[in-house]
Amino acid sequence: MRQVFITISFFAVLLLLAAFGNPGNNKRYAPSGWPKPVYDFSKNPLSPQTIKLGRDLFYDPLLSADSTISCASCHSPYNAFTHADHALSHGIKDRIGTRNSPALMNLAWQSNFMWDGAVNHLDVQALAPITHPDEMGESLANVIKKLQRSAYYKKEFYKAYKDTAITGEYTLKALSQFMLTLVSSNSKYDSVMRGQTRYNEKEAKGYMLFKANCASCHTEPLFTNGQFENNGLRPDSILKDKGRMRITQSAADSLKFKVPTLRNIEFTYPYMHDGRFKKLSEVLKHYTQGIHQSPTLSAQLVKPIVLSPTERVELTAFLLTLTDIHFLFNPDYTYPKK
Amino acid sequence: MRPKNQENKMLRGCISFCFLLLTAYNLASQTTSVRFQPHYNTSPLIYNDTLEYLYTNDSLKITSLRFYISNIKLYHQHKLVWSESKSFHLIDYTNSQPTALILNIPSAINYDTFSFDLGIDSITNTSGALGGDLDPSKAMYWAWQSGYINLKFEGYISHKGQPRQEFQFHLGGYKSPYNALRNVTLNCSKQKELVIDFDLMKLLAVSNSTHHIMSPCKEAMLMTDAATKAFSIQ
């Protein structure tokens, strides 16, 4: 009887440990001092086999109608998982989309996805590009049929889920797991915050300017507050993109787009939801001289930001400290060797 | 420390008792089947061998019908007496006659009301990728804007000899002000086979001028309201 009691207690303790936010591996997921992730890991606990499957899928053009476009086509590991040098991305048959590819990092802290927040959960984000006619032009049901015909994927799905079935749920959750591993928290900025190194003089001044002028929307440590803002971009007469308003149908959301992260900004050009700015200098010029007034303009931008030429150099120097070479060159993130 | 053979006896006793309980429970529950029978006005839609049309006449051709039923509950004299756990079912007429739902209702329970939601609740809508009937590969999930499609109804309609027009109704939406989830409550008597009629004419009667509803909106809510009145039990 006592042995039974001890065994039950042992399992009860294990259950409690598992219940308290452990994402599935023994390493702590959130960097020290960061807010708690929004993603519910209890519904999709990270496991090496599922991450591997997700990575295979992420880099596999099989997800597209004509097997030419993979997730990595627009989210390249060499460019902080965005589409460098492309204002708008092209999908199958060279079709052009209407928005700039966002950089994928720190996704566990996002409560919605896409520039207009159309997607409410990371697990279902992949549905949007997979089914969009100008991106991958496929259907999830057909992707599953293709996966079921592959001996390799049949084996990998079984290893991940211990189930011979290949389902939409399994496919999407595996992609999520790989994407959740893309955490960027080791830039020079992070080292400074941990007390491991110091800014040089320009960077230090730039950080002060950043805190005074940018941090209300690009809040540390994620460098986004996750909100939708109208940052004064002149509406594009061809794309006619109303941003968040498309989703909420509310005029108060006209021209508002999600505040993107500034992490790895050195490598995520071109900038803005339509990629209209190729260089950081153009971005700073926009914020100091180019704000377009409209009823929904962010309250933080109603008063113009003033920066001298020297201050622009300093602010840029600080922004470059957000480059995380450990993230950019992590071999676990790049093309899988098959 | 109790002697070993006394411990064995206790263990055997426990196992036997559990087995008895299980058997008693199984004997005490009754499987009730629930089937939905779509109609167009009074004509029942019978799935035929052509495998293409659910219903055809000169003015109407239905090519697709699928909807979610969830949150099944039974009431007796206005009191809740039973509810189904993990209650999500996709009733799908697209490729074949859907199989009936099987509910394990304890036979001791009496009920006079059958209640269900037409569609998927908002918490499930924000829970990401789910499995079974909720799998996003079932073509009942909006890819461009997260959320389940509660009801898909497609076909062709022509009025008084005019060229026929395609209709496509994808009814959904879980967020205010376009929350299209609705409850359906029907009086019924306790029975082994429940057949719920569903009159599609009531949906077409409130169709908008373009005969297209493809996103959460006022028209989707209006048609869902009409759909709730389309269900009946004989």
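1. In which sense do β1(B) and strand β2 (residues 43-44) of chain B pair, and over how many bridges? The sense is antiparallel, and the bridges number 2. The model is a predicted one. Within the β2(B) pairing, B:H39 has B:P44 as its bridge partner. The hairpin of β1(B) and β2(B) leaves 2 residues between the strands, and B:N41 there has a positive phi near 55°.

2. Strand β7 (residues 101-106) of chain B runs antiparallel to β1(B), joined to it by 6 bridges. In that pairing B:T32 is placed opposite B:L103. With strand β12 (residues 193-199) of chain B, β1(B) pairs in the parallel sense, over 7 bridges. B:H39 has a bridge partner in β12(B) too, namely B:D199.

3. The contact of the two chains involves 22 residues from chain A and 21 residues from chain B. About 1600 Å² is buried between them, 56% of it from carbon and sulfur atoms. On the chain B side, the greatest losses of area to chain A fall on B:A129, B:S137 and B:A143, which together account for 28% of what that side buries.

4. For the interface of chain B and chain A, the salt bridge count is 0. Polar contact is found for 7 residue pairs between the chains, both residues at pLDDT 80 or more. The chain B side that touches chain A is made up of 9 nonpolar, 8 polar and 4 charged residues.

5. Over all chains the salt bridges come to 16. One of them joins A:R263 and A:D190, with the closest N and O atoms 2.8 Å apart. A:R263 sits in the loop between β2 (257-258) and α11 (280-289) of chain A, whereas A:D190 belongs to helix α8 (residues 188-193), 73 residues away. A:R263 counts as buried because its relative accessibility is 0%; A:D190, at 5%, is buried as well.

6. A:E201 and A:K205 form a salt bridge at 3.1 Å, N to O. Both lie in helix α9 (residues 201-213) of chain A, 4 residues apart, so about one helical turn separates them. A:E201 is exposed at 60% relative accessibility, and A:K205 is partly exposed at 40%.

7. In chain B, the side chains of B:D225 and B:R182 meet in a salt bridge of 2.6 Å, N to O. B:D225 is in helix α4 (residues 218-228) and B:R182 in strand β11 (residues 182-187), so the pair ties together parts 43 residues apart in sequence. B:D225 is partly exposed, at 29% relative accessibility.

Note on methods. Residues numbered from 1 in each chain as written. Chains lettered and ligands numbered in written order. Predicted model: local features only at pLDDT ≥ 70, side-chain atom pairs only at ≥ 80, totals over all residues. Heavy atoms only, no water. Contact = heavy atoms within 4.5 Å. Buried area = accessible area lost by both parts, 1.4 Å probe. Salt bridge = Lys/Arg side-chain N within 4 Å of Asp/Glu carboxyl O. Polar contact = N/O pair within 3.5 Å; in protein donor to acceptor, adjacent residues only side chain to side chain. Nonpolar A, V, L, I, M, F, W, Y, C, P; charged D, E, K, R; others polar. Pairing = 2+ DSSP bridges. Buried < 20%, exposed > 50% of the residue type's maximum accessible area, 1.4 Å probe, protein only.
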